[in-house]
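Please keep the sequence and the structure in view while reading.

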Amino acid sequence: MSDRRPRAARRRSPEPPPAAASPGPAAGPEGPSVVQATLYRDGRRVASPATLAETYRQLREHPDGMAWIGLHRPTEQELHSLAAEFDLHELAVEDALEAHQRPKLERYGDTLFVVLRAARYLDAQEEVDFGELHVFVGPDFLITVRHGAAPDLSAVRRRMEENPALLSLGPEAVLYAILDAVVDGYAPVVAGVQNDVDEIETEVFGGDPAVSRRIYELSREMVEFQRATRPLVGMLHALMAGFAKYGTDEELQRYLRDVADHVTHTSERVDGFRQALTEILTVNATLVTQQQNAEMRALAEAGFEQNEEIKKISSWAAILFAPTLVGTIYGMNFDHMPELHWAGGYPFAVVLMAVVCTSLYVVFKKKDWL
């Protein structure tokens with residue numbers, strides 16, 4: 001992927017950078033930005049300089065060596081120092097400073113600039129946390145600029161140091177190991193998301209009212225996950241297309257093909273998750289609509305039954321009101337009242353009440369109120 005020309009042929013100036021541009025580890029609120037700087041020769045660690053300036057000096061003294069510099073949220077001064085020493089392109093340096101870049105692969109002369117999005121699954125919060133990693137790969141150096149907690153590059157460094165034969169292949173081998181670590185880190189995320197999807201399906205059919213929010217939040221994470229994985233497929237194919245041109249080692253080619261297969265598989269799983277969540281959201285909306293319709297139907301039926309009861313109560317109230325009215329009139333005990341001393345008054349009042357009540361009962365029965 002890159003040639004191994006002597007450093008003197010690539011540096012902008014043989015003069016060392018000013019001391020102000022070569023700071024040591026900068027202690028900030030999150031700790032030193034220079035996590036580790038290490039020099040390797042033939043796959044073996046030969047030095048671990050404490051400052052960038054010391055790293056530059058020792059690499060000049062050993063032009064056949066390789067420098068691996070790891071930084072976490074570096075300062076602008078540190079990146080400009082690295083740019084001056086290793087002839088990094090200003091656009092790549094700007095991207096590394098600003099972060100929030102999409103995964104991509106750019107070549108600037110004999111330097112490769114790679115942006116990766118790492119991910120990790122947080123069990124407690126049941127969410128996916130994304131980190132960003134920028135990698136500069138040159139003929140005899142590799143610089144990693146990490147924004148976020150993932151990935152764990154210390155594990156990558158240990159793995160490479162335990163395999164000197166692979167590490168001796170140069171910065172390209174380290175890039176492979178980083179790609180492999182990032183892609184392997186997707187596996188627990190896929191497993192965690194699969195578990196979430198299964199739980200969501202259970203909640204949907206169980207009628208959990210809070211499941212819609214969970215579906216939406218997981219769908220947003222899958223969009224972000226898709227943005228992290230999908231570009232990697234094209235990036236790795238671009239790397240594989242340059243195998244012949246840049247004389248990539250055969251063993252390294254096989255490793256990179258394996259990483260490409262894993263990326264493709266992960267990307268397909270993420271696409272499947274998005275589709276599944278879309279379908280689950282549709283099913284949930286249908287079930288919610290059906291539930292609402294059932295509730296409205298139940299309310300309508302309850303209202304109808306209540307109305308029928310009201311009709312019955314009103315009918316009986318009207319029937320009972322008639323004799324009450326007649327009895328009230330004839331029970332006023334006035335002397336000067338028509339028919340007050342009529343011998344047939346009582347039978348007449350009783351018959352009148354019976355006729356009125358029967359008439360009302362017949363009327364209400366015909367109207368199906370009773």
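The largest nonpolar core of this predicted model has 57 residues. Within that core, the residues with the most contacts are Leu116, Met160, Ile178, Leu179 and Phe225. Helix α8, which spans residues 211-241, gives the most to this core, contributing eleven residues. Another core lies apart from it and has 23 residues, including Ala67, Leu79, Val115 and Phe141.

**A residue of the largest core**

- Leucine 116 is one of the residues with the most contacts inside the largest nonpolar core.
- Beyond its neighbours within four places in sequence, leucine 116 is in contact with Gly131, Glu132, Leu133, Ile178, Leu179, Val182, Leu232 and Met235.
- Among these partners, Ile178 and Leu179 are also listed with the most contacts inside the core.

- Aspartate 95 is located in helix α3, which covers residues 90-98.
- Aspartate 95 has a relative accessible area of 12% and is therefore buried, the cut-off being under 20%.
- The side chains of aspartate 95 and lysine 104 make a polar contact at 2.7 Å.
- When residues up to four places away in sequence are not counted, aspartate 95 touches Gln101, Lys104, Phe113 and His134.
- Arginine 146 belongs to strand β9, residues 141-147.
- Arginine 146 is likewise buried, because its relative accessible area is 16%.
- With neighbours within four places in sequence left aside, the contacts of arginine 146 are Val35, Leu71, His72, Arg73, Glu132, Leu133 and Pro151.

**Packing of helices α4 and α6**

- Helix α4 (residues 153-161) packs with helix α6 (residues 171-184) at an angle of about 130 degrees, and their axes are 10 Å apart.
- The two helices α4 and α6 are therefore oblique to each other, and their crossing is right-handed.
- On the α4 side, Leu153, Val156, Arg159 and Met160 take part; in α6 they meet Ala173, Val174, Tyr176, Ala177, Ile178, Asp180 and Ala181.

**Packing of helices α1 and α2**

- Helix α1 (residues 52-61) and helix α2 (residues 76-86) are packed at an angle of about 10 degrees, with axes 11 Å apart.
- This angle makes α1 roughly parallel to α2, because angles under 35 degrees count as roughly parallel.
- The crossing of α1 and α2 is right-handed.
- Leu52, Tyr56, Leu59 and Arg60 of α1 meet Glu78, Ser81, Leu82, Glu85 and Phe86 of α2.

Conventions. Residues numbered from 1 in each chain as written. Predicted model: local features only at pLDDT ≥ 70, side-chain atom pairs only at ≥ 80, totals over all residues. Heavy atoms only, no water. Helix = DSSP H or I, 4+ residues; strand = E, 2+ residues; numbered from the N terminus. Buried < 20%, exposed > 50% of the residue type's maximum accessible area, 1.4 Å probe, protein only. Polar contact = N/O pair within 3.5 Å; in protein donor to acceptor, adjacent residues only side chain to side chain. Contact = heavy atoms within 4.5 Å. Core = buried A, V, L, I, M, F, W, Y, C linked by side-chain atoms within 4.5 Å. Axes fitted to C-alpha atoms, helices over the stretch in contact; angles between N-to-C directions. Parallel < 35°, antiparallel > 145°, perpendicular 65-115°, else oblique. Left-handed = near helix turned anticlockwise from the far one by under 90°.
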